Amino acid sequence: MKRMMMDYSRGGSQMEDWWKEIDESKQWQKAVFYSLCASYATVACVALVQLIRIQLRVPEYGWTTQKAFHLMNVVVNGLRAVLFGLYRSVFLLRPKVLEMVLLDIPGLLFFSTYTLLVLFWAEIYHQARSLPIDRLKPTYLTINGIVYFIQVCMWAYVKQSANPVAVEVAKLFFAVVSFFAALGFLIYGGRLFFMLRRFPIESKGRRKKLNEVGFVMGTCCTCFLIRCSVVALSAFDKDADLDVLNHPILNFIFYMSVEILPSALVLFILRKLPPKRVSDQYHPVS
């Protein structure tokens, strides 16, 4: 038993040494961050192609929720691709607040992009229940405006304060925002899912829509909860800090889990083009 414990301890030590060696390796940093750059660029291109296809299908209806969602995906993923393509310059920016701004802005835009789906589902649910929808869009804009305003205040606080607690508070705020985003998907995705389940079994497209809502809700809830947990942990544990150059593997796992794979999966699930004539579920943004 003692020998087994010694072997286990030696194995753990070797794993820790291997992890540190990778973290400090410039070759691994280059490979990981350029891989993230290529992955984000690919997702951005897919979203752009889908946006063009939708525009060619229904050019007469202007900007719709679906078009806005794909455009915002192009912006978010394109911006991430540029930042990881210039990873060395970004992670070495001083003062620290400049690095935080560049890395946080895509996260905020990601929040706005995917809560747009929550707005879309809320509109469908309220219309199906004959409830008013006129306050949903202003509520979405107000919530996003408040989040952005508080985040700007956090950046200003970090810039003015030399206390590391300021950075921790900023990270915790982002974790709270991610938690409420997951809650929004759970509430309105769940409501829409159970409403669809009550439709007659022979309803056309019922099962397909159930699967679509269920998969998107599960994917988005999971990615925002992972973001919430990791960002909150990074506020107190420097070994889990994502905003540093020498944590490439952690960055790769995190961004793949919370942005790249969820975005790719959601774009695949929502790949169907809208009908040539506007339907009840295809709502203009304005």
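1. A residue counts as buried when its relative accessible area is under 20%. The model under review is predicted. By that cut-off cysteine 220 is buried, since its relative accessible area is 1%.

2. The cysteine sulfurs deserve a separate remark. A disulfide requires two cysteine sulfur atoms within 2.5 Å. The cysteine sulfur closest to that of cysteine 220 belongs to cysteine 223 and lies 5.3 Å away, which is too far for a bond. Across the whole structure, the search returns zero disulfides.

3. Two packed helices are described by the angle and the distance between their axes. For helix α2 (residues 26–57) and helix α9 (residues 248–269), the axes come within 10 Å and cross at roughly 10°. Angles under 35 degrees count as roughly parallel, and α2 and α9 are therefore roughly parallel to each other. The crossing of α2 past α9 is left-handed.

4. The contact between these helices involves, on the α2 side, residues including Trp28, Phe33, Leu36, Tyr40 and Ala47. On the α9 side, the residues include Ile249, Phe252, Met256, Ser263 and Leu267. Sorted by class, the contact of α2 with α9 comprises 16 nonpolar, five polar and one charged residues.

5. Where does asparagine 73 lie? Asparagine 73 is placed in helix α3 (residues 65–85). Its relative accessibility is 1%, so asparagine 73 counts as buried. Beyond its neighbours within four places in sequence, asparagine 73 is in contact with Ala47, Gly78, Thr113, Tyr114, Ser263 and Leu267. Among these partners, Ala47 belongs to α2, whereas Ser263 and Leu267 belong to α9.

Key: Residues are numbered from 1 along each chain as its sequence is written. This is a predicted model: local features need pLDDT of at least 70, side-chain atom pairs count only at pLDDT 80 or more; totals for chains, interfaces and linings use all residues. Side-chain values use heavy atoms; hydrogens and water are left out. Axes are lines fitted to C-alpha atoms, for helices over the stretch in contact, and angles run from 0 to 180 degrees between N-to-C directions. Helices (H or I, at least four residues) and strands (E, at least two) are DSSP runs, numbered from the N terminus. Angles under 35 degrees count as roughly parallel, over 145 as roughly antiparallel, 65 to 115 as roughly perpendicular and the rest as oblique. A crossing is left-handed if the near helix is turned anticlockwise from the far one by less than a right angle, and right-handed if clockwise. Contact means heavy atoms within 4.5 Å. Ala, Val, Leu, Ile, Met, Phe, Trp, Tyr, Cys and Pro count as nonpolar, Asp, Glu, Lys and Arg as charged, and the others, Gly among them, as polar. Buried means under 20% relative accessible area, exposed over 50%, partly exposed in between (1.4 Å probe, protein chains only).
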